[in-house]
Amino acid sequence: MRLIVDHRTTYRFTAPQARLIQLLRVNPEDTHDQSVASWNVHVDCDARFRRGRDGFGNSTTMLYVDGPVDSIEITVSGEVLTNPSNGIVHGAHEPLPPALFLRETVLTMADLDMRDFARDVGLGEPLAALHALNGAVHRRFALDHGRPAAGQSAATAFQHPTATPRDLAQMFIAAARSLGIPARYVSGYSPACFGDDASPAPHGWAEAHVIGLGWVAFDSCTGLCADEAYVRVAVALDSAGAAPVAGSRLGEGEEALDVDLHVDRAGQ
Amino acid sequence: MGQAGSTVARPELAALGAWIDETPDAELRRRQQSAEATFRQLGITFAVYGDSDASERIIPFDIVPRVFLADEWARLSAGLVQRVEAINAFLVDIYGERKILDAGVLPPDLIFGNAQFRPEIAGIRPPHDIWAHICGIDLVRTGPDDFFVLEDNARTPSGVSYMLENREAMLRLCPELFRDFRVAAVDSYPDRLLETMKSVAPEGVAAPVCVVLTPGHYNSAYYEHSFLADSMGVELVEAADLVVDDDVVWMRTIAGRVKVDVIYRRIDDDYLDPLVFRPDSMLGVPGLIAAYAAGNVALINAPGNGIADDKAIYSYMPEIVRFYSGGEAKLPNVETWRCREPQALKYVLDNLKDVVVKLVDGSGGYGMLVGPTATKAEIETFRAALIAKPHRYIAQPTLALSTVPTLADAGLAPRHVDFRPFVLTGSKGVQVVPGGLTRVALKEGSLVVNSSQGGGTKDSFVLMDNGAARGQRQSQGQSQALRPELPLHHLPEEANGRPPPAGAE
């Protein structure tokens, strides 16, 4: 499948900023079943870019902007070719072992309710348990197409009737880890859960590690494994670690964020 | 320094006994007060968490020095060098190839489940592959040749300013001691530290710019930060003074931007860079980790070092030393029960009254149970905590710690001590500074030496010979040979069966 991504992120500041520094995790990389045909990161002001790689193996771009700057628009666009793989991830850069992804973080800590939930639905062999868990998370929450609440933990999200894709992924991760299965957050692009033709945020889903298969991608938005309509960009212990943009600014005032994101299947 | 309770004499220190005999108590006290007045004037204060007038406190100073003989020091140094080399090798490996896990020396979940293992910086290679540039290794002694490592400090060990200030005070107040003893100088420490920093600058930097990065004057160790910067002749900076641009760290100065090559940071990993660690950190420098990963700056000590001095890892240090050095550890560990192991947990629960229980990620003497002095309620609280989360705890036996003569209210008396020597690692090798921080539990019978819990400090003399006193005092040692380390008072019997002092801070 050919997926076309057009992702614009705009920050507007109520007062001019003297400096901006951003850490971007917006570069997909080739895997066995994902091939990046073209990819561009563009900023609408004078900026210096530095490519790097974080500890999870994600490709990073440091962005340095001198002020005064009232707003910045970051445009990420490109085309990625994908193959169907039943959600199994082959050929990704894996500097860290699965055991690391059993670690809880503030955002992915399972409370007692979630542990009970995971134990009740996650029955059987790991793969079967993961499918059951993914389906159960999917059915339990109505999908919230709004922008995810910043810093919301899985345990908090679990108390609500609706959940964003990010919340769903983090709940799945917390539940899977509580069953002793390594799980991680994936940020990337997919039209799978769009409300209409656009999305207020890049997509987030989960990967769980199954011995014998490796990392398998689960999306609790659909209740299914991720298929070829997904572009995998970054992985981490939770959504904060895989965030497309982590920024710091030097200046007064507030910031407002606006995201315009389209992911299209070529020919559609 | 004999085994506590058995009062082994140290005839070679007769001159120290003579000095104590000759100097009136009132004079010793006057000197001690003079030293403390100086420390207060200098602002060598520390904060106790939860204490509102904390900023007024100084760490009490004891005028009677502790002495190491040249031979003792040589043995200790060899052990320290071996241990710090192993710590560095471990850090290179654990954030790199992880051969030690392949070899089955450590259980992988001990690393990967440990918050001190920082995946964010995995794969980064610090300049010259050196991680633990400054280590403070906490030692206790239970017999003439029995030193044990109580704790490794490979993050940002503090206390070196006390080593230097205590020495300065002793030189001023007790100059006669330096005539009687050939004491190795410690005042080269700032030069050695600066040499170490320069030696680990990124490749190709001819005249590296070094700075000390402090969280600010509210930090309990701020005095030390400013003292070290001042004595090295480098800038003391806060986060706002540094800016990262194009993956290079710059310092703002009135003359414009200056490129920074080596940062001795006294800020915890969590607060170092809000883009990578805690996003709410106001103390850190955005982009610092990117500059570090790009190889454009050396961070001293390297971020991620907590995995090497974590108390859960500590119990494996003999194996770690063996794995990387190929030989047995010259400095042994204190016996440690890993409560994560069911059999060890059972033993600890059955013997809570006799052991010391520590949180694996605690420090400063907090989160600790000292069984022999704990109340029943405290013991039961720890019992419940141990049962709920055993992997968070280790336990150690009570030790018969050495005591040294210390000026107490009623005159000289034995008090328990520990010792923190400082070990520097640069690209040219490892060196042990001939001295260190002796911490002393000032309360009678107490084993808790932490400054936050009633501990004090004293100077630590490392002799360049084995103590044959020079000059006129030599003849006065005749009656000292059969006395305990402290000549005036016998050691109390209860020195046996006590817990080791608390951890570092």
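**Figure 1. Salt bridge between B:Asp246 and A:Arg50 in the predicted model.** The side chains of B:Asp246 and A:Arg50 form a salt bridge, with N and O 3.4 Å apart. B:Asp246 sits in the loop between β6 and β7 (248-253) of chain B, and A:Arg50 sits in strand β3 (residues 48-53) of chain A, so the pair joins two chains. The coordinates belong to a predicted model. Over all chains, the structure holds 45 salt bridges, and the count between chain B and chain A is 2.

**Figure 2. The interface of chain B and chain A.** Here 22 residues of chain B are in contact with 24 residues of chain A. The size of an interface is often given as the accessible area lost when the parts come together. For chain B and chain A the buried area is about 1800 Å², and carbon and sulfur atoms give 57% of that area. Which three residues supply more than any other three of the area that chain B buries against chain A? They are B:Phe112, B:Asp246 and B:Leu275, which supply 36%. B:Asp246 is also the salt-bridge partner of A:Arg50.

**Figure 3. Polar contacts and contributing elements on the chain B side.** Between chain B and chain A there are 9 residue pairs in polar contact, both residues being at pLDDT 80 or more. On the side of chain B that touches chain A, the elements giving two or more residues are α5 (108-112) and β6 (242-245) of chain B. The largest share, 3 residues, comes from β6(B). By class, this side of chain B has 12 nonpolar, 3 polar and 7 charged residues.

**Figure 4. Domains of chain B and the contact of domain 1 with domain 2.** The domain assignment of chain B gives domain 1 (11-186 + 308-334 + 408-495), domain 2 (203-296) and domain 3 (337-396). In the contact shown, domain 1 of chain B takes part with 24 residues and domain 2 of chain B with 17 residues. The area buried between these two domains of chain B is about 1700 Å², with 62% from carbon and sulfur atoms. B:Arg118, B:Ile124 and B:Thr156 supply 29% of the area that domain 1 of chain B buries against domain 2 of chain B, more than any other three residues.

Figure 5. How many salt bridges does the rule find across the interface of domain 1 of chain B and domain 2 of chain B? The rule finds 1 salt bridge there. The side chains of B:Asp270 and B:Arg118 meet in a salt bridge with an N to O distance of 2.9 Å. B:Arg118 is also one of the three residues that supply 29% of the area that domain 1 of chain B buries against domain 2 of chain B. Across the interface of these two domains there are 5 residue pairs in polar contact, with both residues at pLDDT 80 or more. Helix α6 (residues 160-173) of chain B gives the most to the side of domain 1 of chain B that touches domain 2 of chain B, with 5 residues. That side of domain 1 of chain B has 14 nonpolar, 7 polar and 3 charged residues.

**Figure 6. Chain A and its two domains.** Chain A is divided into domain 1 (2-80 + 245-265) and domain 2 (85-236). The centres of domain 1 of chain A and domain 2 of chain A, taken over C-alpha atoms, are separated by 24 Å. Chain A averages a pLDDT of 93, and 98% of its residues score at least 70.

**Figure 7. The interface of domain 1 and domain 2 of chain A.** In this interface, 28 residues of domain 1 of chain A are in contact with 30 residues of domain 2 of chain A. The buried area is about 2200 Å², of which carbon and sulfur atoms give 62%. In domain 1 of chain A, A:Phe56, A:Leu261 and A:Val263 lose the most area to domain 2 of chain A, together 26% of what that side buries. The count of salt bridges between the two domains of chain A is 0, while the count of residue pairs in polar contact, both at pLDDT 80 or more, is 5. The elements that give two or more residues to the domain 1 side are β1 (2-24), β2 (34-43), β4 (59-82) and β13 (255-265) of chain A. The largest share, 7 residues, comes from β13(A).

Methods. Residues are numbered from 1 along each chain as its sequence is written. Chains are lettered from A and ligands numbered from 1 in the order in which they are written. Side-chain values use heavy atoms; hydrogens and water are left out. Domain bounds come from an automatic or database domain assignment. Contact means heavy atoms within 4.5 Å. Buried area is the accessible area (1.4 Å probe) that two parts lose on being put together, summed over both. A salt bridge is a side-chain nitrogen of Lys or Arg within 4 Å of a carboxyl oxygen of Asp or Glu. A polar contact is a pair of N or O atoms within 3.5 Å; within protein, one must be able to donate a hydrogen and the other to accept it, and residues adjacent in sequence count only if both atoms are side-chain atoms. Helices (H or I, at least four residues) and strands (E, at least two) are DSSP runs, numbered from the N terminus. Ala, Val, Leu, Ile, Met, Phe, Trp, Tyr, Cys and Pro count as nonpolar, Asp, Glu, Lys and Arg as charged, and the others, Gly among them, as polar. pLDDT is the predictor's confidence in each residue, from 0 to 100.
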